[in-house]
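Take a moment to look over the chain from one end to the other. Then follow the paragraphs below.

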Amino acid sequence: MNPFVPLVPRLWTAEQALAAVTLLRSAIDAIWNVHGQAMVDTIAEDPDRWNIGDLVDLDDERVDDHDLDDDLPY
């Protein structure tokens, strides 16, 4: 189980959840913009330690157990 699941408020609306995801994606993008090359070099030195493949697909597609479109109500 993802250790952050208990930290996510259950009472958020879909709009609030999407706003949070947008904010977090912007923060992640900013970190990669500032520190990306150094992070890639660090991962290359010891890839087993970081398990980056478990978190992101380096082609910028989310890696998950299901397709996100399955969650859409339409």
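Where in the chain is the place of Asp46? Asp46 sits in the loop between α1 (14-45) and α2 (47-50). The model is a predicted one, so keep its confidence in mind as you read.

Start with the overall layout. The protein chain holds three helices and zero strands. Read from the N terminus, the order of elements is α-α-α. The mean pLDDT of the protein chain is 80, and 69% of the residues score at least 70. Helix α1 has the highest confidence, at 94. Helix α3 (residues 52-55) has the lowest, with a mean of 58.

Now consider the surface. The protein chain has 74 residues, and 4% of them count as buried. Its accessible surface is about 7000 Å². Carbon and sulfur atoms account for 58% of that surface.

Go back to Asp46. This residue belongs to a surface patch of negative charge, together with Asp41, Glu45 and Asp48.

Ile28, Trp32 and Val40 make up a nonpolar patch on the surface. Ile28 is found in helix α1. Ile28 counts as partly exposed because its relative accessibility is 37%.

How many salt bridges does a search of the whole structure find? The search finds one. Its partners are the side chains of Asp29 and Arg25, which meet at 3.5 Å, N to O. For a salt bridge, the nitrogen must lie within 4 Å of the carboxyl oxygen. Side chains of opposite charge can pair when their charged atoms come close.

Where do the two partners lie? Both Asp29 and Arg25 are in helix α1. They are four residues apart, about one turn of the helix. Asp29 has a relative accessibility of 35%, so it counts as partly exposed. Arg25 is also partly exposed, because its relative accessible area is 39%.

How values were computed: Residues are numbered from 1 along each chain as its sequence is written. Side-chain values use heavy atoms; hydrogens and water are left out. Patches are made of residues with over 30% relative accessible area and no salt bridge: like charges are joined within 9 Å, nonpolar side chains (Val, Leu, Ile, Met, Phe, Trp, Tyr) within 5 Å. Accessible areas come from the Shrake-Rupley method with a 1.4 Å probe; for residues, only the protein chains shown count as cover. Lys and Arg count as positive and Asp and Glu as negative; His and the chain ends are not counted. The place of a charge is taken as NZ of Lys, CZ of Arg, CG of Asp or CD of Glu. Helices (H or I, at least four residues) and strands (E, at least two) are DSSP runs, numbered from the N terminus. Buried means under 20% relative accessible area, exposed over 50%, partly exposed in between (1.4 Å probe, protein chains only). pLDDT is the predictor's confidence in each residue, from 0 to 100.
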